[in-house]
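Please look at the structure shown below. The paragraphs that follow lead through its aromatic rings and then turn to its surface.

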Amino acid sequence: MIDKITAIYCRLSNDDDLQGESNSITNQKSMLTEYAKSNGFRNIEIYVDDGWSGTNFNRPDFQRMVMDMEDGKIGTIITKDLSRLGRDYLMTGQYIEMVFPNYNVRYIAINDNVDTLKSENEMMVFRNVFNDFYARDCSKKVRAVIKSKGKAGKPTTNKVPYGYRKSEQDKNVWEVDEEAAAIVRRIFKMCIEGYGPTQIANALTGDGIPTPTAYQSVKGWSVPENIRINRWAARSVSDILARIEYLGHTVNFRTQTRSYKCKKRIHNPREEWNIFENTHPAIISQHDFDLVQKLRERRKRPQKSSEVNIFSGMVYCADCGKPLYLSRTASKPNSDEHLKCSTYANDSSECSAHYIRTCVLKELVIGEINKLLTIVHENKDNFISEVAEKAGESHSNDVKTAKKTISKSEKRIAELDKLFAKLYEDNVSGKISDERFEVLSKNYESEQKQLKATVSELSKFITEKEQQNNDINRFVEIVSRYEHLTDISPEQIHELIERIEVHAPDKSSGHRKQKVDIYFRFKVVCASVTFDGRVHNKKKKAA
C-alpha cells in the first residue's frame, strides 16, 4: 500500500468553530500531518471541508475523497476524531464498518483511539451515537435562537429578496437596492398591463437583464453551482410577484426543515407565517400588490399570442359565471376579434351563446368610465356621500344584526363552559353516568364549536363592511388620476374595473340587443349598458 494515498481529512462546521482553535482547520492539518509522518505514512494528500455540518455527507472534498477511494487510489484515511468524519451515527458507522473495508481502506481516528487495522473498536459505536446527540443538541439550540429571533420580527433568512440588500451597519436591516428594485417594479407593472410570467421572463431575457442569480454573482455574492443564470424563468417571475416582502413587511417561518439530518425545506401553511409590517422600505405599493394578486388569481393559462388581451381574466358569462375566452385569427381583421362563453363553446346545451367583439366592449367600457370620471371630477364629495349612503343602507342593518348575533353567541359559549364544568362535577360525584356524560358533553362541544365558527365568520363580515368606506375613498383617489379617455390600456382597466359580465343577446324585438354589466373596483358602483347590434355593425363595415 506504499504507493497509495494517505488521505488526511479535515472538517469544520460553524458550530465547531465556536469551540476555539483546537478544532480549526489549521490545527487539524498540523496534527494529522505530524501523526502521518511520525508513523511512516507516505504520499499524503489533504482533503478539507470548511463550514460543513457533520450531518451532511454531500460535502465537496469528502465526496472527492470517496471518488478517489472508489478508484483504488487511497490506502488509509486519517481524521482527528470520529466527529470529523461525521455526526450521523448511521452514516458514519456504515462508512467505517462497510464502505471502507469493502475498498480495503484503513481508517484511523487519532483522539478516539480508533484504528480499523488493529482492533474491533467496540466503543466506537457509542462514540458515534454521542456525536450524533451533539449534532441534535446543537440543532435544537439553533432552532430556539431562530424562533426567538423570528418572533421578535427580525429576518430569519440569510437570503435577502431580490431588490434588497443587507445594511452594512446592521445585517438584520434591509435596504433597497435601487438597481434590482427597478426590475421588480417593471415586473409588477408588466403584470398589471396584462403580461403573464412567461411573457415577462422572455422580455427580461430579451433585454439582457441579469437574472437574480446572475445579479448576485456580479455583485460578488456566492451562488449555487450548476444553475442557469443567463435566462429568466417564469417561476422566478411568479415568485417575485407573490413576495409580501416588497410591501416592506418581514415574513418569518414561511418554510422549515424536516429535521437536523434532512435539510429539504417544506412550506408551512400561510396561517403559520409570522408577518411583521413596515420593517423596511417598500418597493411596491399596497395598491399595485393587491391588484397583481387579483390578476394572478384570475389568470389560469398563458397566452399564446405576444399581443396582450386588455380584458384578460375580467369578462364572464352572466348566466353560467364562467370566463369568456378570447378568439382571434391572424387571417381576419382585428374588428372580428371576439370573446365567447367557454361553457357554450364546449357544450352548447349547457349555456346559451354569449358573444361580444372586443372592439365593441372596449368602446362601451371607455364610455362608462368617462361617465364616471365626469361625475367624480364635477363633485367628488357628493359622489362619495351618495355611494356611502347607498352602501350604508344595507351596511348599517347588516352590521347591527351581525353584532347582535355575535353577542348572543358569545353569551351562549360562556353558558356552555359553565354547563360543561357542572356536568363534569356531576359525573365525578356519580350524579350522572359516564354514558350520559359522554352524550351531553359531545352535544355541548358540538354546539360550542358551531357558535365559535359563527362568531369568526360574522367578525370577518363586520371587518369587511367597515372597510367599505376606506375602499370608496381609495377608489376616488384612483379615479381622480384620470381625465377623459379616448383609449384605454390593460393597466387602466385593471385599476378601475373589478369584473365585466356579458348577457346573452336579446332578439325578441327583431334586432340584436345585448346587455353588459360593468362592476367597478371595491364594489363601489355597477354600470349596466345595453347596446344595439345594428349600430356597431355599421361601424364595423365603415371601418
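**Rings and surface**

Arg499 sits over the face of Tyr316, 4.0 Å from the ring centre. A charge is counted as over a ring if NZ of Lys or CZ of Arg is within 6 Å of the ring centre and within 35 degrees of the ring normal. Arg254 is likewise placed over the face of Trp273, at 4.8 Å from the ring centre.

The model is predicted: local features need pLDDT of at least 70 and side-chain atom pairs pLDDT 80 or more, whereas totals for chains, interfaces and linings use all residues. Residues are numbered from 1 along each chain as its sequence is written, and side-chain values use heavy atoms, without hydrogens and water.

Rings may also pair with one another. Rings of Phe, Tyr and Trp (its six-membered ring) pair if their centres lie within 6.5 Å; planes under 30 degrees apart are stacked, over 60 edge-to-face, and the rest tilted. The count by this rule is 14 aromatic pairs. The ring centres of Tyr9 and Phe62 are 5.7 Å apart and their planes stand at 70°, so this pair is edge-to-face. It links distant parts of the chain, 53 residues apart: Tyr9 belongs to strand 1 (residues 5-12) and Phe62 to helix 3 (residues 60-70). Helices (H or I, at least four residues) and strands (E, at least two) are DSSP runs, numbered from the N terminus. Tyr9 and Phe62 also belong to one aromatic cluster, together with Phe57, Tyr95, Phe100 and Tyr107.

Is Tyr9 buried or exposed? Tyr9 counts as buried because its relative accessibility is 0%. Buried means under 20% relative accessible area, exposed over 50%, and partly exposed in between (1.4 Å probe, protein chains only). Val125, in helix 6 (residues 124-151), is partly exposed, at 42%.
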